Amino acid sequence: MIVMDLEATCDENPEEPSKIEFTKDKSEIIEFSWVAYDAKTMEVLKKQQSYCKPENTPITPYCIELTKITPEMVENAGTLQDAVDTLDEYIQKNILDHGKSFCFVTHGPWDLKIQFPREAKNKQLRIPSYLRNCTLFDLKVEFFKWLAHHPEYRPPNSMLITMCNTLKSQLVEPQHSGINDCLTIGNIIQSMIKHEHSDVFRHATDLAKIRAEFMSTQSNYVFFGGLPIKTTHPEISAWLKENDIDFHDLWMCRSLYRRPNGTGFAILKSHQSAQKFLDLNGSVFRNRAVEVIPSTKHIFKDHERSLSSWPGPYGILMNDFADEKSRVVHLGEVPYKVTKSDLHLWFASNNVHPRETWLVVDGSNRSSGFAFAVFNTHEEALGCLGMLNKSLNGRTVKLYPSNQRMLKLTTPFRKPFPTTSSPQRARPTPRATTSFASQASSRRFHTFNSHVPCNTISLRPIFAPRLVASKHIPIAFRPAPIMHALRCLFRK
């Protein structure tokens with residue numbers, strides 16, 4: 001068993017993203033560390049820490065702070081090819097020449113499924129077959145298998161420090177040192193295998209076997225992961241369309257606790273489209289490096305219990321939108337001064353022609369930035385959802401699936417778009433604001449009053465205590481959470 005952990009050049013600046021020197025699909029490995037264990041006794045057989053000199057990206061201050069690797073430490077280091085050759089020499093002499101088998105263990109898919117394959121491909125490295133399509137255990141996957149046998153534990157995440165706290169294992173510090181993380185992973189493995197669960201560290205993922213079956217069956221199934229937790233169906237759809245990939249359906253995987261985990265399956269329209277999707281492995285989606293690996297129909301079936309549709313915002317699922325043949329599309333971040341003619345010209349320029357459009361307004365009868373478009377057919381509504389990342393008067397309008405029920409719920413707050421530009425929105429005065437914040441927060445929000453024509457319904461506005469609305473009782477809303485309130489109504 002070879003535990004591997006890689007560190008790579010990186011840069012992040014949440015406050016000023018434009019100052020990031022390079023994106024994650026340009027990262028280069030600067031530490032290639034691994035520890036070989038005897039799988040039966042968990043005795044350490046070999047430890048190796050190899051620094052690699054990056055060729056195209058600098059070691060940024062952020063990278064130094066995270067990994068503690070400085071430019072001076074890699075100035076005279078070898079290349080990534082040298083590090084791979086060192087590993088290969090050990091495996092050939094001590095494992096393969098003796099007729100033994102082995103597998104890799106990593107903490108998550110990034111090391112051997114995302115970063116290394118992408119960089120090896122870009123730099124045209126000579127890599128052995130067992131690294132090109134490796135057999136490996138993902139420590140995070142095995143940890144959730146272990147948790148299924150121990151419901152008394154409910155850890156918040158699968159970070160190494162969290163695993164150590166849960167399993168009472170030793171954390172080797174400092175973290176984000178490749179060799180230290182390898183030793184920490186070894187300690188966690190020892191703690192898990194002591195329980196001798198029948199499904200924990202029993203069945204490694206054989207990527208070579210999966211790829212062979214993918215090719216032989218001309219499979220159109222692909223597994224992808226590493227996406228942000230709040231990714232929606234329209235975002236994935238737009239990403240695939242930008243890369244000219246035709247898909248039939250998208251499914252989201254959920255974790256042991258039924259939470260989204262940023263992974264899923266794509267059923268492509270052809271085997272050729274699936275192969276094209278595989279080329280996106282290691283590419284960046286919303287500032288995250290994405291894993292894309294081949295899959296098959298029976299693997300998809302094995303995951304059926306954990307699958308659900310990728311959501312659209314406000315809880316409306318894309319599959320529900322399709323099943324209902326909905327003709328309604330929700331618009332967000334609509335510029336305040338947009339007129340009816342502006343909106344219809346914008347639609348027409350993208351070859352989309354809604355039957356009617358509605359503006360959601362606040363208590364002052366001014367735009368809240370939300371709107372609805374109703375089309376003659378479901379196919380036209382689908383075409384509208386394909387207009388992602390389109391700018392209207394300098395703002396990118398968000399387009400999400402909706403339905404007639406949501407449209408009906410917003411009736412008290414809807415009106416036709418104005419024919420002339422509305423005056424500039426005034427800043428809310430203290431009289432027009434209400435604090436929904438907790439005692440620890442001083443944020444205040446603009447509100448408006450409206451009659452909600454409904455029977456007794458529980459609302460849970462953001463930052464507000466539980467409210468109960470009875471028929472014709474005015475309730476204070478603020479523009480930002482209006483759709484959140486409607487979502488609560490919709491769930492009822």
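Reply: The protein chain exposes about 24800 Å², and carbon and sulfur atoms supply 49% of that area. Such areas come from the Shrake-Rupley method with a 1.4 Å probe, and for residues only the protein chains shown count as cover. This is a predicted model, in which local features need pLDDT of at least 70 and side-chain atom pairs count only at pLDDT 80 or more, while totals for chains, interfaces and linings use all residues. Residues are numbered from 1 along each chain as its sequence is written, and side-chain values use heavy atoms, with hydrogens and water left out.

Of the 492 residues in the protein chain, 50% are buried. Buried means under 20% relative accessible area, exposed means over 50%, and partly exposed is in between (1.4 Å probe, protein chains only). The chain has 17 helices and 26 strands; these are DSSP runs numbered from the N terminus, helices being H or I with at least four residues and strands E with at least two.

The core draws at least three residues from each of domain 1 (2-194) and domain 2 (205-307), where the bounds come from an automatic or database domain assignment.

Leaving aside neighbours within four places in sequence, Phe104 is in contact with residues including Ile2, Met4, Leu87, Ile91, Leu112 and Phe137. Contact means heavy atoms within 4.5 Å. Among contacts in the protein chain between residues at least 6 apart in sequence, 69% join residues at least 24 apart.

A search of the whole structure finds 19 aromatic pairs. Rings of Phe, Tyr and Trp (its six-membered ring) pair if their centres lie within 6.5 Å; planes under 30 degrees apart count as stacked, over 60 as edge-to-face and the rest as tilted. Trp34 and Tyr90 form a tilted pair, with 5.3 Å centre to centre and 45 degrees between the planes. Trp34 is in strand β2 (residues 29-37) and Tyr90 in helix α3 (residues 80-94), so the pair links parts of the chain 56 residues apart. Trp34 counts as buried because its relative accessible area is 0%, and Tyr90 because its value is 14%. Elsewhere, Tyr221, Phe223, Trp251, Phe265 and Phe300 form one aromatic cluster.

The loop between α7 (160-167) and α8 (178-193) holds Pro174. The peptide bond from Glu173 to Pro174 is cis, with omega near 0 degrees. Lys168 is in the loop between α7 and α8 as well, and has a positive phi of about 60 degrees although it is not a glycine. Lys168 is exposed, because its relative accessible area is 66%. Asn393, in the loop between β17 (391-392) and β18 (395-396), also has a positive phi, near 55 degrees. Asn393 is exposed too, with a relative accessible area of 53%.
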